Amino acid sequence: MINCLKSEWLKQKHRFSLKLVWISPLVPLVLALILMGGRYFFEAAFNWWYTLLLPGTLAMMVAFTVAAEKRHNRHGLFAVYINKKDLWLAQLFMNTLQLLLLNLIFCIDLILLGALLGITVPFSKALIGNLVLFVSLAWQIPFFLFISEKMGTFFTIMLSLIGNIGFGIFFSPTKLWMVPFAIPARLMCPIINVMPNGLPLEAGHPLGDGRVVLPGMLITIALYFIISFITTIWFNRREVK
């Protein structure tokens, strides 16, 4: 397993997906500055981040990982590994690590740019918000690894955009917020006090209720391990083509 992780890390270092880890967090910051100026910089940047840039980047990283493995026929490893599940778990771990790095880099960039421009960025909200996003989006990694294997890159990215933007905006303010794709958007409402459509929350608004954060995180943590377990079994039973 350790060798699989080392191999996956070396492969990721030469892929465009690793560059996305550094580029993507800058995009919502630039958009927030251009469109909002200094006013509502924190809220606008976070809103662009979790509704569009973060899920889109995650889907691309996962899809590009699978596409590269298919293109190189998994570097011949599929035929010689007895426990093929190690190959799958290595991809799962590395993409999970990249999701964590994405959120940490966005958090650091947000705080540093705010300090540079003299804009107040609440440190605790920035840190908690990114950790919540990491936990609530992680289940999509094993899910989209499987979808990419079955349906390809384009379908994976389109499904991510439809699921995260469509369900995130339309389902998160409703009683259907527990639909997995809608959970990240719903959990962010009480943290940054902004609705998924970008409008600020008024005092006493139901979406500002922070009691949804814990159950939402527990649901997505359970999904991450359940989907990882099922897809690992599926991958381990695959035959060499």
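The lining of the largest pocket comprises 9 nonpolar, 4 polar and 1 charged residues, where Ala, Val, Leu, Ile, Met, Phe, Trp, Tyr, Cys and Pro count as nonpolar, Asp, Glu, Lys and Arg as charged, and the others, Gly among them, as polar. The model is predicted: local features require pLDDT of at least 70 and side-chain atom pairs pLDDT 80 or more, whereas totals for chains, interfaces and linings use all residues. Residues are numbered from 1 along each chain as its sequence is written, and side-chain values use heavy atoms, with hydrogens and water left out.

The protein chain contains 11 helices and 0 strands, these elements being DSSP runs numbered from the N terminus (helices H or I, at least four residues; strands E, at least two). Of its 241 residues, 49% are buried; buried denotes under 20% relative accessible area, exposed over 50%, and partly exposed the range in between (1.4 Å probe, protein chains only). Among contacts (heavy atoms within 4.5 Å) between residues at least 6 apart in sequence, 76% join residues at least 24 apart.

Grid points are joined across faces, edges and corners, and a volume is the space filled by probe spheres set on the points. The largest pocket holds about 260 Å³ of space. Its lining consists of 14 residues, with E43, A44, N47, V194 and G198 nearest the pocket centre. Helix α4 supplies the largest share of this lining, 6 residues.

Cavities of 30 Å³ or more number 3 in the structure. The largest cavity has a volume of about 60 Å³ and is lined by Y50, T51, L137, N164, I165, G168, I169, F181, P184, A185 and P196. Two or more lining residues are given by each of α4, α9 (153-170) and α10, and α9 contributes the most, with 4 residues. By residue class, the lining of the largest cavity divides into 8 nonpolar, 3 polar and no charged.

A nonpolar core is a set of buried Ala, Val, Leu, Ile, Met, Phe, Trp, Tyr and Cys residues joined through side-chain atoms within 4.5 Å. The largest such core has 55 residues, and F46, L99, L110 and I192 have the most contacts inside it. At least two core residues come from each of α2 (16-23), α3 (26-36), α4 (41-71), α6 (85-117), α7 (123-137), α8 (140-151), α10 (183-192) and α11 (213-236). The greatest contribution to this core is that of α4, with 13 residues. Residues up to four places away in sequence not being counted, L99 touches L54, L58, M61, F134, L137, A138 and I141.

Within α3, the buried residues are P28, L29 and A32. Viewed down the axis of α3, these residues fall within an arc of 105° and therefore line one face of the helix, the arc being that of the directions from the helix axis to the C-beta atoms. The cover over the buried residues of α3 includes α4 and α6. On the face turned away from the buried side, α3 carries the exposed residues I34 and L35. Just after α3, G37 adopts a positive phi of about 70°.

Q140, in helix α8, is buried with a relative accessible area of 0%. With neighbours within four places in sequence left aside, Q140 is in contact with L58, S160, N164 and F181. I191 belongs to helix α10 and is likewise buried, with a relative accessible area of 10%. Under the same exclusion of neighbours within four places, the contacts of I191 are K125, I128, G129 and V132. A distance of 7.8 Å separates the C-alpha atoms of I191 and G208, which are 17 residues apart along the chain. N193 is located in the loop between α10 and α11. Although not a glycine, N193 has a positive phi of about 60°; with 33% relative accessibility, N193 counts as partly exposed.

Conventions:
On a 1 Å grid over the protein atoms alone, a cavity is a set of points where a 1.4 Å probe fits but cannot get out, and a pocket is an open set with protein on both sides within 12 Å along at least five of seven lines; lining residues have an atom within 4 Å of a point.
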